[in-house]
Amino acid sequence: MQNLGEAMTDIRPLVAGNWKMNGLKEALREAWAVAEGVAAKAPNADVMLCPPATMVAVMAEATAERLMIGGQDCHVAASGAHTGDISAEMLGDAGAAAIIVGHSERRADHGERSQDVAAKAVAVHRCGMTAIICVGETAGERAAGLTLKVIERQLAGSLPDGVTAANTVIAYEPVWAIGTGLTPTAGDVANVHAFIRGYVRSNTTDGDGMRLLYGGSVKAANAAELMAVANVNGALVGGASLKADDFLGIINVYV
Ligand code: PGA
């Protein structure tokens with residue numbers, strides 16, 4: 001018997017590593033080691049690495065067919081006079097299958113509002129790619145009891161029309177858990193994920209099948225507990241995705 005509110009369809013989990021602004025050419029050996037590990041272990045999950053844009057093409061070539069490669073953020077336009085920006089088309093052309101949008105570091109460092117995130121998700125969908133849309137509350141919002149209100153507002157603003165289980169993954173990442181070593185309790189994650197499941201069930205055509213990831217200080221030592229939570233269909237991993245051994249330790253949950 002599944003927990004009340006848990007999706008009733010089989011969902012193939014996704015473990016995605018977000019390298020953020022980390023990774024020079026020499027880091028390619030870590031991606032290669034992840035690819036080797038995935039080939040050897042054949043986990044019951046899709047495995048993705050999202051390196052900086054400079055490494056998308058080379059990583060996609062080096063790990064072809066073993067790993068999915070994703071980009072981090074994109075411009076809403078396909079091309080044009082936007083110095084320093086990168087379009088979803090360009091990331092797709094380089095070999096990315098997905099793009100992370102709405103990460104809290106983009107929302108905080110670049111003032112991205114949910115409406116901007118939705119426009120970027122449209123750009124990702126336009127290219128036939130998967131948008132990994134991030135939401136999450138700050139420590140202050142949690143302390144004030146506003147977590148679910150914040151998540152609802154971010155979902156309402158950040159999910160464009162046309163979101164489906166095939167073209168969108170939602171990552172719940174409490175801002176206070178990112179890079180801090182802190183994690184919510186399994187019960188807290190269960191509450192938020194049940195809420196997100198309910199939201200996508202009501203507001204998209206196939207929300208029951210949509211992958212909902214947890215992110216924020218996931219590591220090998222806590223992955224089994226967090227990934228066992230109802231409606232958690234994988235992880236978005238920052239720091240622990242930079243070293244192959246650490247990342248494979250998380251992927252092991254699905255072996
Ligand atoms: P972290 O980052 O795993 O280093 O906490 C997660 C994220 O920001 O996606």
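A nonpolar core is a set of buried Ala, Val, Leu, Ile, Met, Phe, Trp, Tyr and Cys residues joined through side-chain atoms within 4.5 Å, where buried means under 20% relative accessible area with a 1.4 Å probe, protein chains only. Keep that in mind for this predicted model, in which local features need pLDDT of at least 70, side-chain atom pairs count only at pLDDT 80 or more, and totals for chains, interfaces and linings use all residues. Residues are numbered from 1 along each chain as its sequence is written, and side-chain values use heavy atoms, leaving out hydrogens and water.

**First stop: the core.** Select Val34, Leu49, Ile170, Ile196 and Tyr214: of the 61 residues in the largest nonpolar core, these touch the most other members. Now center on Val34; beyond its neighbours within four places in sequence, its contacts (heavy atoms within 4.5 Å) are Val47, Leu49, Leu67, Ala244, Phe247, Leu248 and Ile251.

**Next: strand E1.** Select residues 14-18; five of the five are buried, so E1 is largely enclosed by the rest of the structure. Leu14, Ala16 and Asn18 lie on one side, Val15 and Gly17 on the other. Show Ala16 with Met48, which stands opposite in E2, and then with Leu236, opposite in E8.

**Last stop: helix H8.** Select residues 186-203, a helix of 18 residues that reaches 25 Å from its first C-alpha to its last. Which residues of H8 are buried? They are Val189, Val192, His193, Ile196, Arg197, Tyr199 and Val200. Among the elements covering them are strand E5 (130-135) and helix H9 (220-227).

Note on methods:
Helix = DSSP H or I, 4+ residues; strand = E, 2+ residues; numbered from the N terminus. Expected span 1.5 Å × (residues − 1). Buried < 20%, exposed > 50% of the residue type's maximum accessible area, 1.4 Å probe, protein only. Pairing = 2+ DSSP bridges.
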